[in-house]
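Please look through the sequence and the structure shown below before reading on.

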Amino acid sequence: MSRRPARRRGVVLPIVLAVVVLLSLAIYGFAEATVTERAFVARQVAAAQARQAALSAVDRTLAVMTDAEFDPLDLAAYEGLFDGPVFVADDETPAPSFRVVVPDFFEDEPFLWAGPRGESGKIDLNALASSSLTLQEQRAVLLAVPEMTDTLADTILDFIDGDATPREYGTESDDGDFLVRNAPLRTLDDLAAIPDIDAFLLYGEDANRNGVLDVAEDDGDVRLPLDDADGVLWPGWREYVTVSGREAVLSPDGEPLIDVNALDAAGEQALATAVGADVAEFILAYLENGPAESGSEDVSTSAAGTSGRASPLLNASPLPDQSDQNGGNAALRSIYELVDARVEVTVSRRGPTEVLTSPWSSADLTAADEAYALLVTSSAESAAGRIDLNFASVETLLGLPGMTESIAAEIVDGAGVWQAPGNLVTAGVVDFETFLRFAPFVTTRGGVFRFQAVGRPPRADGLPVARFEAVIDLTTSPPRIVRLDDLTRLGRGYTDESLPAWTSEPE
């Protein structure tokens, strides 16, 4: 008799359950991956929105500053232009937003400027190395910068100047330690090629560039960046020196100002129209003859004289060294050198000499200040090197000839009101003789500005944030962006509470 095989009960059920479990896990994994991918894509979209918002802020700022009426000393007049939504599609759709800010390292408490700040308040290293100052005076300018030494100062200047003669504490030796550049710096990073100059000196402890001493920037060597844990934020040399310290030699409407050191016939006529015939004649006499020696006797009180006769310079025959390009014997470093000046001129080749006195007096610099807005002493498209009084720090001013700490402090305290360098004398900050010593090295028309553009997406948490640091040069026509650094990798940097308030809508 044959036996039937025994039935296997319940074998299929576990298999089905196992399949269901596996399918469930697969579906769960797929769903989780989908959610993760969706979150990733959403964050990428938010990051792109923040980036475009920040870049839009750069373009917006360039557009605002390109306006001929733009006044960097009255940023309050541009409320709503340096912060707010990029666009408003409708009332219900949130838009990416931006802010334009600059951290101020020289206030007692962390402070953010809403809008661009002048870069020309710093010492331009390239211009300093080729300036008319003596080698000792050039070094003195840099020695006012914190953490600077005689050796570092002279080595930096030797690194930049075009000669092969070492300064007292410098070097021109290419001995393998580093290659002496003997050319202008392109960026401050070029200084890192010099031994003993590191990131700490150049860029300080402010690793995220927000102007605030964060915890990680005040804990010594516990965490990067390395710092001195002294409770004070060291901003580095980048807040004191620059390679972009230019000033405008163009009027607000883009027309060139009158270069008194390069006058042709048309320039002389333009000069007379701008400042008047008497002043123009005196300027031409000064350029042709130079200042009179002390002790010369005054014969007339101005270039036009006091007797009512015609100006001797307009009617006299050309003097032997006169040329169409005004190739005279003197060149002006500052128009304020004309104040109280005296010039000895010869009316004719065989005639007597006369001593002309300047129409400008140090007792009232109003006319000289007005002429400052019209005249320049360089025909280059932009003049480099002068320190803008409205954006300077005590340290960037202190090394100038004749400058004292009290004068520098008063200048910085009054920043924002100086329309012309001569205002310092009128306001009683400094006497004229002292002012004349540093007048060739200061300006009030610096044309390069730095700022950070912060962009955020329309997400409720406002993250992620994008940040760019831009440098805009207004001394050229048209203005241009000369540097744009992406700071996003350094972190958010600012909280909503630390930033200036958002405006409701753009202008």
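**Briefing on a predicted model**

In this predicted model, the largest cavity holds about 100 Å³ of space. Of the 16 residues that line the largest cavity, those closest to its centre are Ser334, Tyr372, Thr377, Arg386 and Arg445.

**Cavities**

- The count of cavities of 30 Å³ or more comes to two.
- The lining of the largest cavity is made up of 10 nonpolar residues, three polar residues and three charged residues.

**The protein as a whole**

- The protein contains 13 helices and 17 strands, and of its 507 residues, 46% are buried.
- Among the contacts between residues at least 6 apart in sequence, 65% join residues that are at least 24 apart.
- The accessible surface of the protein comes to about 25,700 Å², and carbon and sulfur atoms account for 53% of that surface.

**Helix α4 and what covers it**

- Helix α4 spans residues 150-160, and it is largely enclosed by the rest of the structure, because nine of its 11 residues are buried.
- The buried residues of α4 are Leu152, Ala153, Asp154, Thr155, Ile156, Leu157, Asp158, Phe159 and Ile160.
- The cover over these buried residues includes three other helices, namely α2 (125-129), α3 (135-143) and α5.

- Arg450 lies in strand β15, which covers residues 448-456.
- Is Arg450 buried or exposed? Arg450 counts as buried, because its relative accessibility is 15% and the cut-off for a buried residue is under 20%.
- Two polar contacts involve the side chain of Arg450: one of 2.7 Å joins it to the side chain of Glu119, and one of 3.1 Å joins it to the side chain of Glu469.
- Leaving aside residues up to four places away in sequence, Arg450 touches Val102, Pro116, Arg117, Glu119, Lys122, Arg238, Glu469, Ala470 and Val471.

**Arg117, a neighbour of Arg450**

- Arg117, one of the residues that Arg450 touches, has its place in strand β4, which consists of residues 117-118.
- When residues up to four places away in sequence are not counted, Arg117 touches Val102, Asp104, Phe391, Val448, Phe449 and Arg450, and Val102 is also among the residues that Arg450 touches.
- Arg117 and Pro72 are 45 residues apart along the chain, while their C-alpha atoms are separated by 7.6 Å.

**Two residues with a positive phi**

- Which phi does Asp196 have, although it is not a glycine? The phi of Asp196 is positive, at about 75 degrees, and this residue is found in the loop between α4 and α5, the latter being residues 199-203.
- Asp196 is exposed, because its relative accessible area is 68% and the cut-off for an exposed residue is over 50%.
- Arg209 also is not a glycine and has a positive phi, of about 55 degrees, and Arg209 lies in the loop between α5 and β6 (241-242).
- Arg209 counts as buried, because its relative accessibility is 17%, whereas Asp196 is exposed.

Terms used. Residues numbered from 1 in each chain as written. Predicted model: local features only at pLDDT ≥ 70, side-chain atom pairs only at ≥ 80, totals over all residues. Heavy atoms only, no water. 1 Å grid on protein atoms, 1.4 Å probe; cavity = no way out; pocket = protein on both sides within 12 Å on 5 of 7 lines; lining within 4 Å. Points joined across faces, edges and corners; volume = space filled by probe spheres on them. Nonpolar A, V, L, I, M, F, W, Y, C, P; charged D, E, K, R; others polar. Helix = DSSP H or I, 4+ residues; strand = E, 2+ residues; numbered from the N terminus. Buried < 20%, exposed > 50% of the residue type's maximum accessible area, 1.4 Å probe, protein only. Contact = heavy atoms within 4.5 Å. Areas by Shrake-Rupley, 256 points an atom, 1.4 Å probe, with all protein chains shown as cover. Polar contact = N/O pair within 3.5 Å; in protein donor to acceptor, adjacent residues only side chain to side chain.
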